[in-house]
Amino acid sequence: MIEWSTATPAIGSAFLASLVEVVEAFTIILAVATLRGWRPALAGTFAALAVLGALVLTLGPLMGRVPLHVLQLVIGVLLLLFGMGWLRKAALRAAGLIPLHDEVAIFARESAALSAEGHTAAGADPSATGARSDAAARSTASQDWIAGIAAFKAVLLEGLEVVFIVIAVGAGRGLLLPASLGALGACAAVLAVGAAVRKPLARVPENTLKFGVGVMLCAFGVFWTGEGIGLEWPGGDLVLFLLAGLFLAAGLLAAGLARQVASGAPAEVAR
Amino acid sequence: MSLLRTVLAELVGMFVADAAMAVAILALVAVAGALAAMTAPPHIAAMAVLTAGALAVPVVFAVAYAQRTKRARRLR
């Protein structure tokens, strides 16, 4: 029986976090598809999804063997490390100290990088006429390979974060399936909108989403860590909502104080 | 190999965005765990330390980043 007080934040967090990650991966896939066509883009994407699927199938059964308290503690600490990173960065972005994520700029940068690598791959221009068509075919294959690898890398790296979030918010209470559905819902939403507009999804309020997800991940992190070290939270799972409210206040305070401290400081590149 | 290196770097970066902040979080969990082990249920002190500490961490490290940015701006 699903406890909705835990399932709702778990599904919501998995959906929103996946939305952010899938939007980032989609930008790279779109750049690859625009420059080299959908074949290398989809090949790289599906290869990465296969690796991620294998990872989940390998890790999933292993987690069932770990004692629940140990699993909660490990996942709780990892969630704190991961979620606080997101919350701190989102607060600094909200304070104007590091620039906002710009999908259009990333699309342009990725396209330029792929073009440059494509020109390098095509650079070996043979002088012999007979070898020219062979060399052209090799050059096209090489450019497609580079483009496919770019899509593979983007999906794998963003997908790793999605897999971690799904496992982290779902494993502690047997909510892997609802959390996975949340993540799949985000993939479907981004793909549907992306297929319709066929350009980077720059209007997704990424920092607001990251702020919200950071808040939820920190709340889950404190909750699981507490359960892992043997704490019994008053109100049980419902304390998640209180923790989320407190982390939201802390994140807003962090953004406000950071803005105040560095008032007038120009934005610099995010690390 | 380069792809593997990138993946590993990304994995580490996922959890250690700021090394000092990661150390602070681990220290906080260690203190809360020790308090929980030393006290009887309902472990109010451990709960308070874990919650208050976790709420303070993003605020402290965001402000520290802002101060570093301000100092760097002055030096330019």
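Helices (H or I, at least four residues) and strands (E, at least two) are DSSP runs, numbered from the N terminus. By that rule, B:Pro42 sits in the loop between α2 (19–38) and α3 (44–75) of chain B.

## Model and conventions

This is a predicted model: local features need pLDDT of at least 70, side-chain atom pairs count only at pLDDT 80 or more, and totals for chains, interfaces and linings use all residues. Residues are numbered from 1 along each chain as its sequence is written, chains are lettered from A and ligands numbered from 1 in the order in which they are written, and side-chain values use heavy atoms, with hydrogens and water left out.

## Chain A fold

Chain A has 8 helices and 0 strands. Its pattern along the sequence is α-α-α-α-α-α-α-α. Of its 271 residues, 50% are buried. Buried means under 20% relative accessible area, exposed over 50%, partly exposed in between (1.4 Å probe, protein chains only).

Contact means heavy atoms within 4.5 Å. Take the contacts in chain A between residues at least 6 apart in sequence: 85% of them join residues at least 24 apart. A:Ser18 is in helix α1 (residues 4–36) of chain A. A:Ser18 is buried, at 1% relative accessibility. Beyond four places in sequence, A:Ser18 touches A:Ser13, A:Val162, A:Ala183 and A:Ala186.

## Nonpolar core

A nonpolar core is a set of buried Ala, Val, Leu, Ile, Met, Phe, Trp, Tyr and Cys residues joined through side-chain atoms within 4.5 Å. The largest one has 105 residues, and A:Met84 and A:Phe247 touch the most other members. Helix α5 (residues 129–170) of chain A gives the most to this core, 16 residues.

A:Phe247 reaches into both chains. Leaving aside neighbours within four places in sequence, its contacts are A:Met84, A:Leu87, A:Val215, A:Cys218, A:Ala219, A:Val222, B:Ala54 and B:Leu55.

## Interface of chains A and B

The contact takes 45 residues from chain A and 38 from chain B. The buried area is about 3,700 Å², and carbon and sulfur atoms give 81% of it. Buried area is the accessible area (1.4 Å probe) that two parts lose on being put together, summed over both.

Across this interface the rule finds 1 salt bridge. On the side of chain A that touches chain B, the elements giving two or more residues are α3 (68–94), α5, α7 (206–228) and α8 (239–261) of chain A. The largest share, 11 residues, comes from α3(A). By class, this side has 34 nonpolar, 6 polar and 5 charged residues. Ala, Val, Leu, Ile, Met, Phe, Trp, Tyr, Cys and Pro count as nonpolar, Asp, Glu, Lys and Arg as charged, and the others, Gly among them, as polar.

## Salt bridges

A salt bridge is a side-chain nitrogen of Lys or Arg within 4 Å of a carboxyl oxygen of Asp or Glu. The count over all chains is 2. A:Glu24 pairs with A:Lys210, with the closest N and O atoms 3.3 Å apart. This pair joins helix α1 to helix α7 of chain A, 186 residues apart. Both A:Glu24 and A:Lys210 are buried.

B:Asp18 and A:Arg88 form a salt bridge at 3.6 Å, N to O. This pair crosses between chains, from the loop between α1 (2–15) and α2 of chain B to helix α3 of chain A. B:Asp18 is buried at 12% relative accessibility, and A:Arg88 at 8%.

## Backbone in the chain B loop

Most residues other than glycine have a negative phi, and most peptide bonds are trans. The peptide bond from B:Pro41 to B:Pro42 is cis, with omega near 15°. B:His43 has a positive phi, near 55°. B:His43 is in the loop between α2 and α3 of chain B. B:His43 is buried, with a relative accessible area of 9%.
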